[in-house]
Amino acid sequence: MPPDATLLIRGGLVFDTAGRSFRAADVRCAGGLIEAVLPPGEGGAAATVLDAGGAFVLPGLIDCHVHITSAGEAASLNTMVHETPALRAWKAAEHARRTLHAGITTVRDLGAAERLNIDLARAIEAGVVEGPRMLAAGLGVTMTGGHGHGFIAREADGPDEVRKAVREQLRAGATAIKLFASGGVLTAGVDPRSPSFTQEELTAGVEEAHKAFRVVGAHAQATDGIKNAIRAGVDSIEHGVWLDEEALALMLERGTYMVATLTAPWAMATHGPDEGVPQYMIDKSNAVLEDHARSFEAAVRAGVRVAMGTDQGTPLNRPGKNAQEILRMAEHGLSPASALLAATAWAADLLKVPAGRIEAGKQADFVVLPRDPLTDLSALADSDAFTAVVKGGSIVRAAPRENSIGGTK
Ligand SMILES: [Zn+2]
């Protein structure tokens, strides 16, 4: 949006983060930011008017854990390793477009081969590719033979090497950092119940990231890996499959976020057998599924901070379908309003980005829906029905209603 461009969203029901409810208001935007939230009818004139016509206006959604360069094919690892970087880049541009059009206006990409995520973020920033705002980790950092090695992670051993590996990502332009604190589901021969980096290694990585003001996400499924990561000071635990009382207490004490990615094992366990996901992945998914849900529910009950993340790009976890995680979080203990906050305000707090709330000074990113998501969260997953998606004050897409978007006043 040019600095002097103005947008008025008129006649909508606007989500009030503090009140956890919708209220009638007009939203004025200028230069890509929200300028004011005003009583209905007091929005004045603007170069572009989006007539919301009683629709529900939410902040753009934020997915704190994606691998946007992956389509989420059944055998996504093969694609990641065997397709040429150029082909993957062309595909990634399409994934980014789909993600944005589904109302996801910000993502954090936690690992891509050849650091394609950093280049994609730059292409989007430059306006060459249509997509969400991206924080990109480059490659994740894992121990030799650890989860992610050979596709989305660089191996490192010992605190000094971990430090260097993080510095390499920063040098390449990473705007987030990913560390692997335990085994995982997708890497053959790696047990998700085993911790990986030591606490000292994780501490070195976190120090380097935080020195550069980058947020750190730790892949952590195993209980000891989770605790090592929290004690090392990571900002978010990704997956958090096996949380115990001590881990929950540590998360509360340190303010560590839980980014559960409930969709990842769910998609594999539910659709994997029919769609050709490798058997070892399905077996490992089934093994984590119930414990994962139980841990998430325990985290919610304990009052741990939660932010939405899908792990989009894992098998059958497709770009543009990200909002299904909101439904899943609500199935496992979050109220509908809290699930919305986890995908907006709380996610923005974790990522330290000026988004996720409809208030003056925040980025003018919105999803406008015809149905009330607090009554039925599935409205968020029905992106075909969206009234509009707005990023940085520019209308990305709008429902083809002739009179809904006027040129003036
Ligand atoms: Zn991931």
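1. Two strands count as paired if DSSP finds at least two bridges between them. That rule applies here to a predicted model. In this model, 3 strands form an open sheet in the order S6-S7-S8, with parallel pairing. S6 and S8 (133-136) stand at the edges, each with a single partner strand, so one side of each has no neighbour in the sheet. From one strand to the next, the twist averages 15°.

2. Look at the S6 and S7 pairing in detail. S7 covers residues 104-109 and runs parallel to S6, joined to it by 4 bridges. Val66 has Asp109 in S7 as its bridge partner. Helix H3 (residues 116-125) lies across S7 and S8, and it runs at about 155° to S8.

3. Next, the metal site. Which residues coordinate the zinc ion? They are His65 through NE2, His67 through NE2 and Asp311 through OD, at 2.0 to 2.1 Å. Along the sequence, the donor residues follow the spacing H-x1-H-x243-D. Both His65 and His67 are buried.

4. The aromatic rings deserve a look. A ring pair is described by the distance of the centres and the angle of the planes. The structure holds 2 aromatic pairs. One of them joins Phe15 and Phe22, and it is tilted: 5.2 Å centre to centre, with 55° between the planes. Phe15 and Phe22 are both buried.

5. Phe22 also pairs with Phe56, this time edge-to-face, at 5.1 Å centre to centre and 85° between the planes. This pair links distant parts of the chain: Phe22 sits in strand S2 (residues 21-30) and Phe56 in strand S5 (residues 56-59), 34 residues apart.

6. Why do Phe22 and Phe56 count as buried? The cut-off is under 20% relative accessible area. Phe22 is buried because its relative accessible area is 16%. Phe56 counts as buried because its relative accessibility is 12%.

7. Finally, helix H10 (residues 324-331). Its buried residues are Gln324, Glu325, Ile326, Arg328 and Met329. What covers them includes strand S6 (61-66), helix H8 (263-275), helix H9 (279-302), strand S15 (305-306) and helix H11 (336-342). Arg328 lies over the face of Trp266, at 3.5 Å from the ring centre. After H10 comes Gly333, with a positive phi near 115°.

Notes: Residues numbered from 1 in each chain as written. Predicted model: local features only at pLDDT ≥ 70, side-chain atom pairs only at ≥ 80, totals over all residues. Heavy atoms only, no water. Phe/Tyr/Trp six-rings, centres within 6.5 Å; stacked < 30°, edge-to-face > 60°. Buried < 20%, exposed > 50% of the residue type's maximum accessible area, 1.4 Å probe, protein only. Helix = DSSP H or I, 4+ residues; strand = E, 2+ residues; numbered from the N terminus. Lys NZ or Arg CZ within 6 Å of the ring centre and 35° of its normal. Contact = heavy atoms within 4.5 Å. Donors = N, O, S within 2.8 Å, 3.2 Å for Na, K, Ca; no water. Axes fitted to C-alpha atoms, helices over the stretch in contact; angles between N-to-C directions.
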